[in-house]
Amino acid sequence: MKRVLMSLALVAILATPVLADPGNLEGSYAELIGPPMGYINETQVVELYVYNASTDAEWIANVIFTWPGCVDVLDGWYDYTGPNGGFLMTFEAVESQARFMDGDGGYGEIYGDDSCTFFVEVFLTDVCIPTTQIINYELNGDIWGDPPHDIYGTIEWPVDYAVATDDATWSAVKSMYR
């Protein structure tokens, strides 16, 4: 009997780190897939990847991307092929913000160890400065697992003026007025 109790105590001690793993959204992130550079006075579709690193039942419910004020968010959609058959997020553009929100009001949409690709159509206005712009992101969990329930981060996105192509050179423009 003593051996059985000692064996159970040893199992309990060894299993504690596994059982104590809080899970949560820690380690979850968003990253830029493309394009590698934004161009001022142009509309572009930006592709962003979101990964949920949760090891417990914390699912991502909302994904919010915020660009600098010189960027207008026009539209957004997503491509999801993971295990959540009921995946549904709504999109809302609010000035420089793209909001993908839990569409069914239930649990989150991006399961633990799952991901989704988001597409956001943006227009870079002429007040943008050619430099590295910062896209802030916020990942909100459904608060089912352990804290933290929200993850915040930044994505760097270089911005510059578009380079003239052969069709838009000064010589081509001058030739139209001869």
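Tutor: One term before we start: contact means heavy atoms within 4.5 Å. Also keep in mind that this is a predicted model.

Student: Okay! Then which residues is Gln97 in contact with, leaving aside its neighbours within four places in sequence?
Tutor: With those neighbours left out, Gln97 is in contact with Ile64, Phe65, Thr66, Val73 and Glu92.

Student: And where does Gln97 lie?
Tutor: Gln97 is part of strand β7.

Student: Is Gln97 buried or exposed?
Tutor: Gln97 has a relative accessible area of 18%. Buried means under 20%, so Gln97 counts as buried.

Student: How far apart are Gln97 and Trp67?
Tutor: In sequence they are 30 residues apart, while in space their C-alpha atoms are 6.2 Å apart.

Student: What is Trp67 in contact with, again skipping neighbours within four places in sequence?
Tutor: Quite a list: Val46, Leu48, Val73, Ser96, Ala98, Val120, Val122, Ile134, Ile135 and Trp157. Trp67 also belongs to the largest nonpolar core, which has 32 residues. Along with Val50, Val63, Phe65, Phe118, Val120 and Val122, Trp67 is among those that touch the most other members.

Student: Which elements give two or more residues to this core?
Tutor: They are β3 (43–52), β4 (60–66), β5 (71–79), β7 (97–102), β8 (114–124), β9 (132–141) and β10. The largest share comes from β8, with 5 residues.

Student: Let me zoom out. How many helices and strands does the protein chain have?
Tutor: There are 2 helices and 10 strands. Along the sequence the pattern reads α-β-β-β-β-β-β-β-β-β-β-α.

Student: What percentage of the residues is buried?
Tutor: Of the 178 residues in the protein chain, 36% are buried. As for contacts between residues at least 6 apart in sequence, 72% of them join residues at least 24 apart.

Student: How do the strands line up? Which order does the open sheet have?
Tutor: The open sheet of 6 strands goes β2-β10-β9-β4-β7-β6, and its pairing is mixed. At the edges are β2 (38–40) and β6 (89–94), each of which pairs on one side only. On average, neighbouring strands of this sheet are turned by 25 degrees against each other, direction ignored.

Student: What about β2 and β10: parallel or antiparallel?
Tutor: Parallel, with 3 bridges joining β2 to β10 (residues 150–161).

Student: New topic: cysteines. Which ones does a disulfide join?
Tutor: Cys70 and Cys128, with an S to S distance of 2.2 Å. In general, a disulfide is a covalent bond between the sulfur atoms of two cysteines. The count here comes to 1 disulfide.

Student: Why is the disulfide called right-handed?
Tutor: Because the torsion about the S-S bond of Cys70 and Cys128 is about 95 degrees.

Student: Last topic, aromatics. How many aromatic pairs does the structure hold?
Tutor: It holds 14 aromatic pairs. Take Tyr107 and Trp144: their ring centres are 5.5 Å apart and their planes are at 70 degrees, so the pair is edge-to-face. Tyr107 is in the loop between β7 and β8 and Trp144 in the loop between β9 and β10, 37 residues apart.

Student: Is Trp144 buried or exposed?
Tutor: Trp144 is exposed, since its relative accessible area is 57%.

Student: And which residues do ring pairs link into a cluster?
Tutor: That cluster contains Phe65, Trp67, Tyr78, Tyr80, Phe87, Phe91, Phe100 and Phe118. You've met Trp67 and Phe118 already, as members of the nonpolar core.

Terms used
Residues numbered from 1 in each chain as written. Predicted model: local features only at pLDDT ≥ 70, side-chain atom pairs only at ≥ 80, totals over all residues. Heavy atoms only, no water. Pairing = 2+ DSSP bridges. Helix = DSSP H or I, 4+ residues; strand = E, 2+ residues; numbered from the N terminus. Axes fitted to C-alpha atoms, helices over the stretch in contact; angles between N-to-C directions. Core = buried A, V, L, I, M, F, W, Y, C linked by side-chain atoms within 4.5 Å. Buried < 20%, exposed > 50% of the residue type's maximum accessible area, 1.4 Å probe, protein only. Disulfide = S-S within 2.5 Å. Phe/Tyr/Trp six-rings, centres within 6.5 Å; stacked < 30°, edge-to-face > 60°.
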